[in-house]
Structure formats: structure tokens, C-alpha cells
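Me: Please take a close look at the site around the ligand in this structure. I am new to it and would welcome one connected account.

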Amino acid sequence: MSSVIPANIGVLGAGQLGRMLALSGYPLGNRFTFLDTTGSPSAGIGEVIVDPDNQHLAAFLDRVEVVTYEFEHLPVALVREIEQHKPVYPGSRAIEVCQNRVEEKALFDRLGIPTPAYRVVESADQLEAAARELGCPVVAKSVTEGYDGKGQAVLKQPEQAQEAWQSIGHSRLIVEAFVDFVREVSMIAVRGRDGQVVFYPMAENQHVDGILRYSVAPLPDLDERVQQTADGYIRALLDELDYVGVLALELFQTRDGSLLANEMAPRVHNSGHWTMDGAVTSQFENHLRAVQGLPLGSTEATAPTCMVNVIGREGDSAALLAIGNTHLHRYDKAERPGRKLAHVNVVAETHAELLDKVRACQALLPEAPPVAWSFESTL
Ligand code: AMP
């Protein structure tokens with residue numbers, strides 16, 4: 001293999017996303033060193049440096065040629081420091097924006113990407129006023145440290161502001177109008193070091209309590225113009241941030257087909273896991289190709305595919321695999337309520353067949369909620 005391929009990739013974070021990055025990088029000849037700042041790594045692959053007190057950065061940097069990450073809730077100062085020594089893709093600016101909902105919304109506004117109407121508030125009184133102005137229901141979200149629906153509250157009435165403010169417990173919140181969406185969707189796109197951009201087909205995502213449960217792609221009823229609009233939004237973000245790697249953008253689709261951006265993640269994303277078995281090149285491989293300056297692979301979907309998250313408790317693996325064309329990806333983690341333990345990619349020839357198979361899969365998973373796709377009635 002050519003010497004232009006770095007032998008060792010440094011990954012900030014060491015969870016299941018890092019594990020899957022490594023699994024897709026070994027065929028390219030890569031090796032992986034993870035830097036875990038949380039004290040609880042779960043990648044279970046490659047070399048893991050556990051460094052909650054920032055004592056081993058030099059050892060990490062010594063081992064790696066290029067650095068990427070699978071977890072964005074890291075101190076920006078740490079990423080900046082690493083950038084002084086090794087190339088980091090995507091760069092610290094992307095992390096900085098994605099860690100802060102106010103900066104993220106400001107970037108969407110600047111690039112003309114529509115979002116739900118929102119206000120920034122710094123007290124319970126301001127929260128109440130914003131709820132009155134926007135009209136309830138509204139969603140209040142902490143500006144920093146929020147993910148998987150954490151640090152959020154829905155207010156049905158402005159009078160709930162005091163209670164919501166206390167339950168979130170942050171000094172600065174974003175308050176958004178509650179979107180009456182038809183479906184939640186996401187875009188995964190990849191930008192190479194040379195600025196080339198490729199887009200995966202849009203996926204529909206079903207969340208329960210803020211946690212992703214199912215992602216299905218491609219969408220049989222998707223208007224080509226909607227996909228193009230979404231491609232345009234994510235391309236604007238990628239170019240503005242001079243981004244390298246996979247970027248995920250979550251959006252709401254409303255009744256008239258328009259899209260409102262919710263949030264983005266500067267890394268491979270749970271709603272892109274279907275690409276491991278349903279696209280020509282997975283998001284993980286394409287991310288690694290991008291950070292190494294290699295040509296990007298085709299993002300074309302090969303068949304209707306649904307990713308089913310296994311959360312809290314595992315199912316019977318043998319029974320899941322007995323469903324034709326299903327693929328189980330386990331993360332080697334202990335069962336715990338709300339914890340992502342694995343996912344199952346279900347592949348079928350038609351969306352109707354896919355729905356039947358996903359329902360069979362759901363019946364085998366103790367914590368899986370009922371499947372509800374927006375396009376079910378058209379199948
Ligand atoms: P987030 O952490 O911002 O992705 O929010 C988690 C989930 O809460 C989303 O996937 C939606 O299901 C729901 N949600 C967040 N913001 C809104 C909103 N403005 N309107 C309706 N639902 C929302």
C-alpha cells in the first residue's frame with residue numbers, strides 16, 4: 001500500500017463510533033490510537049490512552065500522524081493544542097460551533113439555513129417571556145453540553161418556565177418554537193481535503209425521548225428538490241467551516257416539504273450507521289478517506305435499509321440474525337438503561353418488505369418502541 005496512507009490515526013474519544021471507525025480503517029491499512037478524556041472508554045479495539053487529567057497528550061501525539069474525533073464534547077483548547085502539532089480533521093472551529101447551540105444557530109442564520117424560531121435566555125423570567133412571545137409549546141435547551149435530548153424541557157405553558165429553568169440547571173438556554181414536523185430527517189455529507197463533497201441520501205429518523213431509535217434510507221417518497229435543498233444547506237456548512245470529514249445535519253421536515261435545521265454533529269453519526277450495510281461506501285470509510293486525503297467513495301444506497309438501535313437491553317442475537325439480510329453490530333458494552341449497546345442494519349428489496357422485517361426485529365428487542373415511518377401508508 002502506498003506510503004501516502006498514514007499508518008496511525010489518532011481519535012479523540014473512544015466509544016462505539018471510534019470502534020466502528022477502526023473496524024473500517026483496518027482494510028485501508030490504518031492503525032488507531034484513541035485518546036479518552038472521560039475515564040470510561042468502550043472502543044475495545046486499537047490502543048486506548050485513558051487520560052482524564054491531560055497527562056499523556058505527548059504520548060498520544062508521538063504515535064499518530066493525523067487526528068480526528070468521534071466525540072465532540074472535548075475542551076476546544078485541547079483540540080487547538082493538538083492542532084499545533086498534528087493535522088486535525090475536522091478542525092477546532094467545527095467543534096467550537098457544534099458545542100454551542102447559540103453559535104450553531106448563528107451560523108445557520110448567516111448561511112440562510114432556516115431554523116425553528118428561537119430566543120436566547122439567561123433567567124427563568126426571560127424564559128417565560130420567550131415562551132409567551134414564541135407561543136407554546138416551546139423547547140428549552142441548554143446552550144452547551146446537550147445531547148440525546150439531555151438538558152432539555154418542553155414547556156406547554158409559559159408558567160412552567162420556573163420549573164423548566166430549574167430542571168435544566170444551566171445559566172443560558174435556547175428556547176425554540178415547537179415544530180409540528182411530518183418527520184425528522186438527517187443529512188450525512190463528506191468533504192475531502194481537496195474540497196470535494198459527496199452526499200448520502202437523506203434518512204428519516206425516529207426518536208423517542210430524544211434518543212434515536214430507527215433510521216431508514218433512502219426515502220421512497222422524497223422529492224428530489226428537497227434532497228437538493230438539503231445538499232445545498234450542508235454544502236454551505238462544509239465550505240464555510242473548510243471542513244474535512246463527515247458532517248451530520250439533523251432537520252425537521254414540515255407539511256409543505258420545507259426543512260428546518262435542528263443541529264449538527266462534526267463526526268460520523270448514529271443516523272448514518274445504515275450506510276455500513278446499505279451504501280456503496282460507509283460513512284466510516286469515507287470519513288477515514290477524507291482525513292487521509294484519499295478519493296471519496298460512492299455514497300449511493302444499494303438497497304432500502306433501516307438501522308435499528310439496540311438500547312438498554314440486548315435481544316437474542318441468533319434470532320435477529322435469522323431474519324434475512326440483517327447485520328448485527330455490537331459495541332461490547334454492558335447493559336444499562338438508555339445505553340446504546342448495538343445496532344441492527346436490516347436490508348430488503350422493497351420498503352414494504354423492509355417494514356415487515358424491521359417489525360420482526362423490533363419484536364425481538366425488549367426495549368424497542370413501535371416503528372412509525374412517515375411514508376408507511378404509501379407502501
Ligand atoms: P436535539 O437534542 O436538539 O436533537 O433534540 C432531541 C429531540 O427533541 C429531537 O430529535 C426532536 O425529536 C425533539 N425536538 C428538539 N427540538 C425540537 C423542536 N424545536 N420542535 C419539535 N421537536 C423538537
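**The ligand site**

Reply: Glu176 is buried, with a relative accessible area of 2%; buried means under 20%, exposed over 50% and partly exposed in between (1.4 Å probe, protein chains only). The model is predicted, so local features need pLDDT of at least 70 and side-chain atom pairs pLDDT 80 or more, whereas totals for chains, interfaces and linings use all residues. Residues are numbered from 1 along each chain as its sequence is written, and side-chain values use heavy atoms, leaving out hydrogens and water.

Lys105 joins Glu176 in a salt bridge, with the closest N and O atoms 2.8 Å apart (a side-chain nitrogen of Lys or Arg within 4 Å of a carboxyl oxygen of Asp or Glu). This pair connects helix 5 with strand 8 across 71 residues; helices (H or I, at least four residues) and strands (E, at least two) are DSSP runs, numbered from the N terminus. Lys105 is buried too, at 1% relative accessibility.

Glu176 also forms a salt bridge with Lys141, at 3.2 Å from N to O. Lys141 lies in strand 6 and Glu176 in strand 8, so this pair ties together parts 35 residues apart in sequence.

An oxygen atom of the ligand is 2.8 Å from a side-chain N or O atom of Lys141, and a ligand oxygen lies 3.0 Å from a polar side-chain atom of Asn262.

Definitions and conventions
Polar contact = N/O pair within 3.5 Å; in protein donor to acceptor, adjacent residues only side chain to side chain.
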